[in-house]
Amino acid sequence: MTKIGVLALQGAVREHIQSLEACGVEAVAIKRKEELQEVDGLILPGGESTTMRRLIDKYDFMDDLKAFASSGKPMFGTCAGLILLAKNIVGYDEPHLGLMDVTVERNSFGRQVDSFEADLAINGVADNFTAVFIRAPHIVEAGENVEVLSKHNGRIVAAREGQFLGCSFHPELTEDHRLTAYFVKMVEEAKQKQLV
Ligand SMILES: NC(=O)CC[C@H](N)C(=O)O
């Protein structure tokens, strides 16, 4: 059975686990780097990217997360998780994981509006997806191999580059599991390829 991990250092872990289970796969909270070996794909949840980065360093996850990516297994970064995945972060000299060819800007929907909902069209996923944004980043620039999946008010809020999927919002906070299901499919396809 396909098994997907959710990095459980901080942030919205339980809701992602429930969403994955609703999609019919086994889901595990990853608290130790050794546990990465058990899973076929990984979700980096929303939360606070600077805190998550601190915990990645504290629990010595960095090399193992990069090795996970090098093995070709899919990774899905949501909100703070997208910031962790990005190769460039506006205002920072260094990225965190630096895996996905996008530039992101943190807290980029204005300070007055901490959170809001928007109906999005997401390519290959849904025509009408209610997305919850919480102090969300957006993708300022996407590399040539990045497929833009969704925009909100002209700003890129979901994208895919091969094994990497990222979104600005929190897909785990509603009962709509279609974006999680899209990631599950990515993981199943990658797993299939490795078996052949
Ligand atoms: N909901 C979220 O994940 C917010 C992300 C947070 N603003 C950050 O920069 O890490």
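## Strand pairing around β3

Two strands count as paired if DSSP finds at least two bridges between them. In this predicted model, strand β1 (residues 3-7) and β3 meet that condition, pairing in the parallel sense over three bridges. Within this pairing, Gly5 stands opposite Leu42 in β3. Strand β3 is also joined by three bridges to strand β4 (residues 75-78), and these two run parallel. Here Leu44 stands opposite Gly77 in β4.

Strand β3 spans residues 41-44 and is covered on both faces. Gly41 and Ile43 are buried on one side, and Leu42 and Leu44 are buried on the other. Leu42, the residue opposite Gly5, and Leu44, the residue opposite Gly77, therefore both count as buried, under the 20% limit on relative accessible area.

## Annotated active site

An unreviewed UniProt entry gives the annotation "active site" to Cys79, His170 and Glu172. These residues span 94 residues in sequence, yet no two of their C-alpha atoms are more than 11.0 Å apart, so they gather at one spot.

His170 is found in the loop between β12 (164-167) and α5 (178-195). Its relative accessible area is 8%, so His170 is buried.

Glu172 lies in the loop between β12 and α5. With a relative accessible area of 5%, Glu172 is buried. Again leaving out residues up to four places away in sequence, Glu172 touches Ala12, Glu15, His16 and Thr78. With one of these, His16, the side chain of Glu172 makes a polar contact at 3.5 Å, to the side chain of His16.

## Helix α5

Helix α5 has 18 residues. From its first C-alpha to its last, α5 reaches 26 Å, close to the 26 Å expected at 1.5 Å a residue. Its buried residues include Leu179, Thr180, Tyr182, Phe183, Val184, Met186, Val187 and Ala190.

Thr180, in helix α5, has a relative accessibility of 1% and so counts as buried. Apart from neighbours within four places in sequence, Thr180 is in contact with Ser19, Leu20 and Cys23. The side chains of Thr180 and Ser19 are joined by a polar contact of 2.9 Å.

## Ligand surroundings

The residues surrounding the ligand are Gly46, Gly47, Glu48, Ser49, Cys79, Ala80, Ile83, Arg106, Asn107, Ile134, Arg135 and His170.

Individual atom pairs can be named at Ser49, Asn107 and Ile134. A backbone N or O atom of Ser49 lies 2.5 Å from an oxygen atom of the ligand. At Asn107, a polar side-chain atom is 2.6 Å from a nitrogen atom of the ligand. For Ile134, a polar backbone atom is 2.9 Å from a nitrogen atom of the ligand.

## Annotated binding site

Under "binding site", the unreviewed UniProt entry lists Gly47, Glu48, Ser49, Arg106, Ile134 and Arg135. Although spread over 89 residues of sequence, these positions cluster in space, with a largest C-alpha distance of 12.8 Å.

Gly47 lies in the loop between β3 and α2 (49-58). A relative accessibility of 32% makes Gly47 partly exposed.

Ile134 lies in strand β8 (residues 126-134). With a relative accessible area of 30%, Ile134 is partly exposed. Excluding residues up to four places away in sequence, Ile134 touches Cys79, Asp114, Ser115, His170 and Leu173.

Definitions and conventions:
Residues numbered from 1 in each chain as written. Predicted model: local features only at pLDDT ≥ 70, side-chain atom pairs only at ≥ 80, totals over all residues. Heavy atoms only, no water. UniProt positions renumbered as here; feature names shortened; annotations may be inferred. Helix = DSSP H or I, 4+ residues; strand = E, 2+ residues; numbered from the N terminus. Buried < 20%, exposed > 50% of the residue type's maximum accessible area, 1.4 Å probe, protein only. Contact = heavy atoms within 4.5 Å. Polar contact = N/O pair within 3.5 Å; in protein donor to acceptor, adjacent residues only side chain to side chain. Expected span 1.5 Å × (residues − 1). Near = heavy atom within 4 Å.
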